[in-house]
Amino acid sequence: MSEKELSEAQMEEELVNRRLERLTIHPCPGPHNSLQYWTRFASPWKVVRNFILIFLCRYLPSENLKNVLFRWTGMKVGARVSAGLMSMFDIFFPELITIGDNTILGYNSVILAHEFLRHELRTGPVVIGRDVMIGANVTVLPGVIIGDGAVVSAMSLVNKDVPPHTIVGGVPVRVLGRTNSGGEK
């Protein structure tokens, strides 16, 4: 492995570690997988309300109305955010999601602020900067920070931080290039 490849591998590992450091671990309260106990981690009424609002937004054509409804769930949504049809946000902990101004999320993208695992629940903030473009069918995991002006290509899994003005893609994401300050390659 060349020195440059080693340096890139170390940087990728550091970005993953930063995400993991932001996660809060909630031990499973019983012998079954953690999703079996979801009502102990979040109010069922809150989850039902969030599900109805977020699911309705998947079909609404009005971006302004969607943003109002997203804010009712506790999400911090900037001005002129556009969420494509079928976009899905965390229904358990939407208050952990922040989206900056003028960001666009592609069709069928999924933004998660939790991970139910067999022996624990992990929660973490998701911060998407301003002027970010997220392609269709992207999944963003809890604890991730996507910097201002970044671009995430379609069909990607974002499991680590994305520096500002960086183009990433793949499963899991890897750096593909840089954008200029206007957000275009």
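Colleague: Is Cys28 buried or exposed?

Modeller: Cys28 counts as buried, because its relative accessibility is 16% and buried means under 20% relative accessible area, with exposed over 50% and partly exposed in between (1.4 Å probe, protein chains only). Cys57 is buried as well, at 2%.

Colleague: How many disulfides are there?

Modeller: The count is 0 disulfides, taking a disulfide as a pair of cysteine sulfur atoms within 2.5 Å. Keep in mind that this is a predicted model: local features need pLDDT of at least 70, side-chain atom pairs count only at pLDDT 80 or more, and totals for chains, interfaces and linings use all residues. Residues are numbered from 1 along each chain as its sequence is written, and side-chain values use heavy atoms, leaving out hydrogens and water.

Colleague: Thanks. How do helix 3 and helix 4 cross?

Modeller: The axes of helix 3 (residues 44-57) and helix 4 (residues 63-72) come within 9 Å and cross at roughly 165°. Helices (H or I, at least four residues) and strands (E, at least two) are DSSP runs, numbered from the N terminus. Axes are lines fitted to C-alpha atoms, for helices over the stretch in contact, and angles run from 0 to 180 degrees between N-to-C directions.

Colleague: Why are they called roughly antiparallel?

Modeller: Helix 3 and helix 4 get that label because of their crossing angle: under 35 degrees counts as roughly parallel, over 145 as roughly antiparallel, 65 to 115 as roughly perpendicular and the rest as oblique.

Colleague: Which residues make the contact?

Modeller: Helix 3 brings Arg49, Leu53, Leu56 and Cys57, while helix 4 brings Lys66, Leu69, Phe70 and Trp72. Contact means heavy atoms within 4.5 Å.

Colleague: And where is Ile54?

Modeller: Ile54 is in helix 3, and it is buried at 0% relative accessibility. Leaving aside residues up to four places away in sequence, Ile54 touches Thr73, Met75, Met88, Phe89, Asp90 and Ile91. Ile54 and Thr73 are 19 residues apart in sequence and 8.2 Å apart in space, C-alpha to C-alpha.

Colleague: On to sheets! What is the order of the 3 strands in the antiparallel one?

Modeller: That open sheet runs 1-9-8. Two strands pair if DSSP finds at least two bridges between them. Strand 1 (24-27) and strand 8 (114-116) are at the edges with a single partner strand each, so one side of each has no neighbour in the sheet. Strand 8 pairs with strand 9 (residues 120-123) over 3 bridges, and His114 has Thr123 as its bridge partner in strand 9.

Colleague: What about the sheet with parallel pairing?

Modeller: This open sheet has 4 strands in the order 2-5-10-13. Its edge strands are strand 2 (76-77) and strand 13 (145-146), each pairing on one side only. Strand 10 (residues 126-128) is joined to strand 13 by 2 bridges, with Ile128 opposite Ile146.

Colleague: What do strand 16 and strand 17 form?

Modeller: They form a hairpin with 4 residues between the strands, and Gly170 in the turn has a positive phi of about 110°. Strand 16 (residues 166-169) and strand 17 (residues 174-178) run antiparallel, joined by 4 bridges. Ile167 has Gly177 as its bridge partner in strand 17.

Colleague: Last one: where is Asn159?

Modeller: Asn159 is in the loop between strand 15 (157-158) and strand 16. Asn159 is buried, with a relative accessible area of 16%. Its contacts include Val16, Arg19 and Pro172.
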